[in-house]
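Q: Please take a close look at one residue in this model. Where does that residue sit, what surrounds it, and what kind of chain holds it?

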Amino acid sequence: MNKKILFIAVYACMIIPFLYSCEESTGISDAIPPDFSGEFYPTAHQEISSLQPSLSVLNFKDFNGKSLKYDFQLFNDKSWKQLIDQGTDIQEGTEYTQWKINIQLQFGVRYYWRVRAKTEYSEGNWEVQSDFRVKNIFPPTLYSPIDGETMDSLTPLLCVTDSTGISGQRYYDFEVYADESLTQLKAQKQGQPEISGKTCWQVNVALSTNSHYYWRARCRIAGEQSDWSDPEYFYICACQPAGGNGYAQSVVLSDIDDCDGMNRFMNPNEALGTPNATGTTTSNFRGFVSLGLGGSITLDMKVCIRNGAGYDIRVYQYVSNEPVEVYVSSCRDGTYYSLGTEPCNHPACGFDISGIPLNEVRYIKIVDRSPTVPCYEHIGADIDAVQAIYYH
Ligand SMILES: [Ca+2]
Ligand SMILES: [Ca+2]
């Protein structure tokens with residue numbers, strides 16, 4: 001419909017509502033173009049990191065509340081002459097309507113786009129009429145550590161893969177934060193030169209064990225920098241010696257089975273220090289803890305135990321021969337790795353920390369693996385002491 005006639009019709013409806021019932025007139029109100037919401041993406045003059053982005057717009061409002069169809073157009077020039085791609089009759093989305101560009105855009109180039117919403121009776125007006133620029137360089141991909149990984153070094157190595165972008169000498173910036181909202185910067189590197197394939201930087205200040213850190217990286221080339229990558233996090237669980245003497249120093253956690261009140265040796269502190277268990281009968285036994293069936297204790301050795309020749313950890317058991325499984329971790333709240341189950345005959349049994357992904361361990365968890373038997377007074381493994389063999 002001719003716009004002038006439309007305008008007159010609408011105007012007539014507004015000024016002479018008693019003479020005409022506009023709602024009953026067909027076609028006139030339908031011809032009012034849908035109302036542009038004003039919200040679109042990419043936003044005006046935005047710099048984007050995609051060669052095939054989607055253009056989107058908050059749904060226009062139709063006068064009759066009907067679902068609309070949209071046309072998107074992409075140009076090379078701001079005079080809207082060089083049309084390079086378009087999407088026609090795009091169905092309206094739930095809240096936003098988007099169209100993915102069909103062609104590959106180019107690094108460093110500015111593009112112009114517009115959109116209109118159509119009804120059955122109106123082609124609508126071209127709206128948005130905005131531009132965006134594809135950046136010369138996109139953010140790198142964080143390669144290692146993988147998101148959420150536990151690291152056993154206070155100065156972990158952070159690596160990124162090559163950024164996508166124009167060719168030339170590139171540099172990477174790294175940042176490490178103590179918090180997820182990236183306000184507490186702990187370490188940073190600017191301008192690490194790219195090594196083709198994978199560029200790494202070793203954190204140059206000692207971070208803290210038992211802590212989470214958040215890191216991100218960006219790439220720079222020819223005076224332009226990429227956006228920052230989305231941050232990822234890692235957890236540091238590193239062994240830190242704290243003045244131990246080779247024997248267990250403190251109880252971190254104990255879960256001792258009292259076996260219906262029958263277990264008389266439930267003090268976990270009896271497993272600390274050098275072996276000292278004595279006695280020959282239930283009435284004069286001293287110096288050990290009976291774990292009960294499936295019971296456990298976690299001990300802090302306060303030294304860093306490393307893998308040496310043969311056994312690296314010795315568990316002293318008094319009274320009887322009950323199997324135990326030993327787990328180790330480099331920090332208190334880290335992952336505990338099993339070193340296997342040993343029959344653990346009196347007076348001691350050994351465990352080897354080779355074959356686990358930790359270089360040094362400080363915390364030891366001992367779990368009773370006795371077969372189920374009726375309760376008695378020193379039920380389960382009877383731990384007298386735990387010793388580190390190779391440590392610092
Ligand atoms: Ca060993
Ligand atoms: Ca003892």
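A: Accessible areas here come from the Shrake-Rupley method with a 1.4 Å probe. By that method the protein chain exposes about 19500 Å². Carbon and sulfur atoms supply 48% of that area. The model is predicted.

Now the residue: Pro42. Pro42 lies in a loop, between strand E1 (40–41) and strand E2 (46–48). Is Pro42 buried or exposed? Its relative accessible area is 0%. Buried means under 20%, so Pro42 counts as buried.

Next, the surroundings. Set aside the neighbours within four places in sequence. Pro42 is then in contact with Ile48, Ser54, Leu55, Trp113 and Phe132. Ile48 belongs to the range given for strand E2 (46–48). Phe107 is 65 residues from Pro42 along the chain, and their C-alpha atoms are separated by 16 Å.

Then the whole chain. The protein chain holds one helix and 26 strands. Of its 392 residues, 44% are buried. Take the contacts with a separation of 6 or more: residues 24 or more positions apart account for 71% of them.

The overall dimensions come next. The C-alpha trace spans about 110 × 60 × 30 Å along its principal axes. The radius of gyration is 35 Å, whereas a compact globule of 392 residues would have one near 21 Å.

Last, charge. The protein chain carries 30 positive and 47 negative side chains. The centres of the two sets lie 9 Å apart.

Key
Residues are numbered from 1 along each chain as its sequence is written. Chains are lettered from A and ligands numbered from 1 in the order in which they are written. This is a predicted model: local features need pLDDT of at least 70, side-chain atom pairs count only at pLDDT 80 or more; totals for chains, interfaces and linings use all residues. Side-chain values use heavy atoms; hydrogens and water are left out. Helices (H or I, at least four residues) and strands (E, at least two) are DSSP runs, numbered from the N terminus. Buried means under 20% relative accessible area, exposed over 50%, partly exposed in between (1.4 Å probe, protein chains only). Contact means heavy atoms within 4.5 Å. The radius of gyration is taken over C-alpha atoms; the globule rule is 2.2 Å times the number of residues to the power 0.38. Lys and Arg count as positive and Asp and Glu as negative; His and the chain ends are not counted. The place of a charge is taken as NZ of Lys, CZ of Arg, CG of Asp or CD of Glu.
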